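Visitor: Hi, could you walk me through this one? I'd like to ask a few things as we go.
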Amino acid sequence: MANTNEVEPKSVGARDTLLTQKRESLGQDAFRRLMRNHAAVVGGVIIIILILLALLAPWIAIKPFSEQVLVDQNKVPKWLVSVFPSLEPYAVYSNDYPLGADYVGRDLFSRIIYGSRVSLTVALIGPLISIIIGVIYGSISGYFGGWVDNIMMRIVDVLYAFPSLLFIILLMAFFRSPISDIQPGTFAYSIKELDESLGGMFFIFIGIGLTAWETMARLTRGQVISIREKEFVEAARTIGASNARIMFRHILPNIVGPLVVAETLAIPGYISTEAFLSFIGLGVNPPTPSWGSMIADGAKAIRTYPNQAIFPALALAITMFAFNFLGDGLRDALDPRLRGTQ
Amino acid sequence: MGRFIVRRLLYMLAVILVVSVITFLLMHAVPGGPFTREKSLPEETIKILEKRYHLDQPLYVQYTSYLYAVFIPHFTTTPPNAALSSQDDFLLNVKIGSLWIRWMNFGPSYRSRGRTVNDIFRDNLPISAQLGVMSLIISILIGMPLGVMAALKQNTMLDYLGMGIAILGVSVPVIVLGPIFVWVFGITLKWLPPTGWAAKPPFFLGFLPSNLNWEFFQHALMPSFALGLGSSAVIARLTRASLLQTIREDYIRTARAKGLQERVIIVRHAMKNSMIPVVTILGPLFAALVTGTFVTELIFGIPGMGKYFVTSITNRDYPVIMGTILLYAVFLVLANLIVDIMYAYLDPRIRYD
Amino acid sequence: MRKMFILLSLLVVFSMALSACGGAAAPAPSKVLTTNFLSGDVPTLDPAVAEDTSSIQIAQETFGGVTHLNEVTNAVEPGLATSWDVVDNADGSQTITFHLRNDVPWVRWNGTKVEKVQNCDGKDRMVTAGDIAYGIYRNQAPANASPYAYLLGFVLKGASDFNNGKSTDFASVGVKAVDDQTLEMIFMSQVTYNVQLAGLWVAYAQPKWVIEGDCSGKVVAAGEKWIEPANFQGYGPFTLKEWVHDDYISIVKNPFWPGSEAIPQPKLDEVVFKMLDEPAQLAEYEAGKADHVSSVPQSDIDRIKADPALSKEFAISPQLCTYYYGFNTKASVVDDVRVRRALSMAVDRQSLIDNVAKGEQEPAQWFARPGLAGAPTIETHPDLGIKYDPEAAKAELKSYLDEKGVTADSLELTLLFNTSAGHQAIAETIQQMWKDTLGVTVKLTNQEAAVFWDTIKGKDTPQIYRAGWCLDYPDANNFVREVLAVNGSQNPADEKGEPTGGFNWKNEKFEELVAKAATEADLAKRVELYAQAEQIAMVDDVIMIPIYWYTNLDMTKPYVTRTYSSSGHEAFEKWDILPH
Amino acid sequence: MTDNNEVLLRVENLKMHFPIFRGIVFQKQVGAVHAVDGISFDVKRGETLGLVGESGCGKSTTGRAILQLYKPTGGKVFFKDKELTTLKRDEMRAVRREMQMIFQDPYASLNPRMTVGEIAGEPLIVHSAASPKEIQERVEQLLELVGLNPRFANRYPHEFSGGQRQRIGIARALALQPSFIVCDEPISALDVSIQAQVVNLLDELQDKFSLTYLFIAHDLSMVRHISKRVAVMYLGVIVELADRESLYLEPFHPYTQALLSAVPIPDPFAEVNRTRVILEGDVPSPVNPPSGCRFRTRCPIADKVCAESRPEFREVKPGHFVACHKV
C-alpha cells in the first residue's frame, strides 16, 4: 500500500503533464504484469489453443472418435517404436494412426482431440458451479454474519467432512438405477435424462461442483468479512446504499481477484477428478472419449502399449501445466501488494 | 484454548451425527443391497441374511441401534470376547475394577464373514496411516524447497523449473505414474519390490510397523512417492505464493535494513509467517492420505483402508460404508482442529477462547 | 521449522533403531509356491458360508468332501469316501450311503509345524461322518445365513425347510451319521448330480469342538473366529498357516493327509496366495516374486505372446463359464424373435475373440459350456445352436422391418452392462458389428455392479444386457435349468410360475426337456435332451446371444509342474516345484 | 457564520453496547463492551462540535451510532425533528441525504475498484434519479469544489496521495448537500503539512454551505482551531462539555486538565512553565468499567464517593457541563 505513487499536483503545469500520461486501471495494470510473466502467457496461449482444438475437433480429428476398425486394434505408427523400443517384438504398424490405435481400433489422436471437449467442459463447468453456488453462499454468510453465518458455515463443515467421492458414487448408483424406481415427470427423472443427454457427464459436474463450492464458499466468506469491515463499505452505508448495491458494487469487485485465482488453480483439480471418476468406471458413457477414461483404459495396457496411456496423460499434463501457470501468474498479477513491482 | 478444543470436539460430534444420518439414508436409498449377487440368491436366503443383520427392521430402528452401538459407551462385567459373534466387537475396551467400559462397536462386515469393521480399522488403517505419513513427509520435503526456491527467484528460469517439477507431480495421475514406477523400478531395474507392504499386524503401539527395517522402506518407497508427488505440487505452490507475500512485508524489509543475512531472514523471519496457508492445506491433506487412497493401494497391492472406501460401496457393505465415512469425517475434523492449534503456534496474535 | 526437522530426524533415528532389532528372515522352506487371488480380502475360509472362488479354493485344499471332482475332467472321484451305494427309492427319492476312510486326522498349524489334533482323551481326532453332518448342519442353520445353503437345499431332503426355519429339527434333514465311517444322505430326486453335490464345499466336515468349545471348557469356543490361523483346524492336503487380512494367505503341506489317487499328498511345502489386482499380479510374476499368475490381463497378452520367455510360460485352458447377452423377450423391439435372431447372428464371435477378448476363448453356440456333464460338444453337435451369419441376420431383420414398415436406424435399442473396461470393450465392439451388419444403432449404458444385478432381473430388465455364468457344480443342469428355466437365476417368476423379469420367458417344451434331462441316467440321451433344449432357447426363441465360452489365461514359471483346472479351483496337491 | 440557536442534532442518553458471547455448545451473552454508555449533547445548526478523547473511548462509535451505522443499544438521537433510532430503513435512507460522514483513513474509505467520479457520484445515484450527464456535471463541480481537477474523475484512488484522497472523501460527503457531517478524525492519518490544507478546506466549506460538523479528534489541539464547542469523552461517557474558550481556559475535569497539559504550547517560555499532569495506569476495560466515576481509577483526586456514585453531568457555568464529584 505504501507503494502508491505520490502524484500530488504542485502546479498547473505538473497537472497537465500528469494528464497526458496514459492512465491505467487496476485491470490494465494487472494485465500488463500478467503479460510480463512468460509462463502465464504460455499457459494462456495453450488454453486458447485447447479451446480451439475442442471447438474445431471435427475438422482437426482425422477420424470420428467412435469409429472402430477392429483389425487395426492396437496398431502403432512406425515412429513410435523409436520412442518405445519395447514395442518392437509385437507391434503391428500402421501409419494411418499418428499416435496409434486403441484396443478396439479407434484413432488415439482423434480421440485425444475430441477428449479435450470433456476436459475443457469440466474446466469451465467446475468453476461455474462452484462460483455460482460458492460465491453466493459465502457472500450471504459473510455479509450478514451472526447466526446466519454460523448456521451456513456449519452446513459447509458437514459437507466438507463428507467424502464427496462416495457421495458421487452413491448418487450415480441412485440415478443410473432401473427406470421403474424413477418415474417420468419427476425431478429425479429429468436429472436422469439430463445425464443421459450429456453422455454421463452430468454427475461428473455434480461431483466436481460438490467438492468445489465448499472451498469457494469459505474463501468468499473470509474475503467478504475482511472487506465488510473496510471504511469504504461503511461509507457506502452512510450514503444510504442498499445491501445489494454494497454487495455487488463494493464488496464483490474487491474480492473477484482472489476468487478468480483460486478457481484457476482449482481447475487442474477438477480435471483430475474427472480422470479419477473415469478410472473407477464412473465417468462419461462410452464411446465418448475423455482423457480421464482414455488414461484409465490405457493404464491397464501401459506396459504393452504405453502410447495408449501416455499420450492422453501428456495432453492432460499439458493442460494442467497451462492452467497452473496461468493461475499462478494471475495471482501474482492481481495481488495488490505486488502492484507496482517489477 | 482448552475451552476452544472442548467446544470443537463437541461440535465434531454434531458434524459426525449429521454425516452419519446422510450416509445412512443415502446408502439405503441406493438400489442394490448387500446380498445382491451376480448369481442371485434365493429369496429365502436373502431373508435369512437380512434377519441376521437386522436389515428387516425399520430404518429408524436400524439407525438408532447403530448409533447406540457406536456412540454410547457400554458398561458390562463380562470381559470382551469378540470371537463368538462378530456383532460384539468394540474398538475401545477399558477395565475399571470389575467393570468393563466398552465403546464404539462399528458392527460386522457383511462381506468378510466373521470380521468386523473394527477388525478392518485395526488391520488396515495403520497401513494407510504409515503410507500417508510417509507420503506427506515426502511431499513436504519436495514441495517446500521447491516453493521457497521458486519464490526467491520469482519469474526466473529457476522459478519456472521448480514449479514445473511440482506441477508435473500433480499432472501425471497416479494411474499412470504408479504402473510406470512398478515397471521401471520393480520389473526392469529390479531395485524395489513391485508391490506389497512389508508391515503386517500386530502393529507397534497400534499403528507403527513392528519391523521398521530396510525391507519396510523398500516397499514403501514407490507408493509414498507416487502418492506424495501429487501433494508436493500443492505444497510447493502454496509455499511460493505465501512466501512471495511475506517477503514484501515491512518487517522483512526492516530485517534486511538491519543487515541480516538473507538466509537468516528467510528461515527465521519469512518462513514461519508464510507457513500459515501451508499448514491449512496440510490438515485435509493429512486426513485424505491417512485414510487411504484407492488407486495407489490398488496399483501397489497395499492392504490399506483406501480400497474399502470404494469397494464397500460396490459391495453395499453398510457397516463398512458407515464406518469408513465416519472415520474420514473424524480425521478431517480432527485435522482441521490441529491446524487451528498450529495457527496459534505460528501466529501469536491468534488466540482462542 | 526447526522443530519439524528435529521431529523428522527423531523419526529417522527411531526407524533405524527399530530396523536394528528386526532380525534376518528365517531360511525359506524348500518348495514354496507363490500365486495370487484377486485384490481384496478373502471373505471367509468357513466352508459353511463360503461363496466366492478364493474362499472355496482354500476350503478345497484344507478340507475336502466325501466325493472329489477331478479338476481337469470334472469326473467324480473318491474323496473322504472310498465308495458309496446309490439306492433309488420308490417315492422318487434317492439314498446314498458313503463309506468313509478312517485314516484322516484333524490337524492344525501350531506356529512352527503341522500337528495332529487330540480329543479330550488325548487321542488323535479323526474325521468322522458326524463331522460332515455337522458341516452340513452349519451350512443349513438359519443363524449362519449361508448364501449357498440353497445348493443342498434344492436336492437334500428336508434341508430347505430347515434352512427357512419351517422345521427346527435337524433330524428332519436327510443326513445321518450311521457310524463314524458311514454317512447316509437322502436326496429328493434321482438326479445324476447328487453325488457331485454331496462332495461340494457346503458339505465339508467341520470341527465342532473348535467352533463351540469342548472338553468342559479346555477347548475354548472360537465362534466365528474359528477360521483365524490361531484356531483353524483342517484335514485336507494342506492346512492354514497364515492369513494376513487383505494381504496374503499361506497354506502348508499337511503331512498327515494319507493321500489317495484322486487327492495325493502334496509335493509343495507351502502355497502363498497374495491378494493383488491383476496388473500387480503380473508385475510380481515378472519381477520373479511369484511362481504363478492365476489370470493374465487381456491387455498384456500381445506382449506376452511376443516375448520368447514369457510366451512359453503362458497357458490357455478351458474354463466352465459362458459369456452372453440376455434379452428381455417382452421388451419393445426385441419382443420379436426375428430381431433377436438377427442380433445374435450378426455377432462375429471369432473376430471378437481374436481382436478384443484375445484369450483364445471358444465362440459359443449355446449356453451350457462343453465340458460340463451332459452338455453337448462342438465335436458331437457342430451345427447346434446359433452362429455368425450376416446374410441370414440381415434377412431376419428385413422381414421384421418390412412388416413393421420402419427402418433399421429408427429402432431404439439399449444394451446395459455393468461398469468394467472389459465389458465395455466387448459392448463397443458388438455395437459396431450391429451397426455395420444390420444398420442398427444400439445405445450403450452401464451401471454400477450391485445396481446392475438387480436391474437385469427386475421387472424393467433392459432389452439387452450383459451376463455370464460359471459353474457351481459341473453339470449341464447347473446351466440350462438353473439359469434359463422358469424360476432360474436369470428368469425369475412369480408364485404362479409366470416370468417377471430377466429373460421374461417361458416355454413348456423347454421346461419338460430340462426336467427330464436331470433324471436321465443314460449319458448319451441326456446330452440329446439338453441339445434339444438349447436349440429352443438359442435358435427358436433366441432368449440370449451366447458369445463365448471362457478360457483361463495363466502363467507358470517353467520349473513348476501342474495340472490345469477347468473349474476355477486349482488342485495344488498335484503341483510341484522342480529344482532350478 | 449564522449563529442562531436552533438545535440540529440532539443526543439523549445514547448507549452502544457490543455483546460478548461465550459458551461451549450454546452461545450465551456473558457481557458487553460498553463502548458508549449514556451520553447526551446537542449540536446547533452551523456550529462545529469537537469530540475529543483517547483512542478507544467511544468517540468514533458515537459518530457511527448517530448515523445509525450501528443500531444503538439505548437512548435517542433527534435530528431536526426526527427521532432516528426508531426510523424504518426507507425513512432512514431519506435522512441520510442530510447527514454524512468523512472517514479517518483516506486509503480504506475509498473503494479501490471505483473511479473517483464514481465514488463522488455514488450518493447521487443512490438517492436521485438524475441523468448520467447531470451526475457527471455535478461530480465535476464537486471535485472542483474540493480542489481537485475535474479531469481526474475517471482515475482510480490508488493514483492519488493521502490528502487528495481525503478531498475525494469530502466530495462524496458533500454530494447530497447535507446539513450535518460527522468528521471522524479526518486529518489524523495525514501528514502534518496536509492536515492544515484539509482543515482549511473544511472551514471554507462550512462557511459556504452553512454546514454543521461533529468533529471527532483524539487530541485537543486539533479541535481547537475548528470547533466552537468541545466535548471530552472518557471510557464511553462525556466528562466535560463547554465552549472552546471556556474549556481551554478553565478546564474543570481532572481528565480534561490532564489532556490539556499534554498539549504543547507554541510559546517556548510558557512551554517551559507548563505543568504536565501525568496520568497513572491504563484505561480500564470497557467490558467491565469502574463503578461510580469512570475516571476514578486514574484520577489524582479521587476518593470514596467517586467509587460509590456516578457523578452527575451538570452545568457548572453557563454552557459549561462537567461530570465530576469534586467540582
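Visitor: Which helix gives the nonpolar patch its largest share of residues?
Guide: Helix H3 of chain A (residues 38-55) does, with 4 residues; helices here are DSSP runs of H or I, at least four residues, and strands are runs of E, at least two, numbered from the N terminus. This is a predicted model, where local features need pLDDT of at least 70, side-chain atom pairs count only at pLDDT 80 or more, and totals for chains, interfaces and linings use all residues. Residues are numbered from 1 along each chain as its sequence is written, and chains are lettered from A in the order in which they are written.

Visitor: New topic: what is the strand order in the open sheet of chain C?
Guide: The order is S4-S5-S9-S8, with antiparallel pairing; two strands pair if DSSP finds at least two bridges between them. Strands S4 (81-88) and S8 (175-179) of chain C are the edges, each pairing on one side only.

Visitor: How many bridges do S4 and S5 of chain C have?
Guide: They pair over 7 bridges, S5 being residues 94-100. Within S5, C:His99 is the bridge partner of C:Ser83.

Visitor: And which chains have the most contacts?
Guide: Chains B and C, among the 5 pairs that touch, where contact means heavy atoms within 4.5 Å. No contact joins chains C and D, and their closest C-alpha atoms lie 32 Å apart.

How values were computed: Heavy atoms only, no water.
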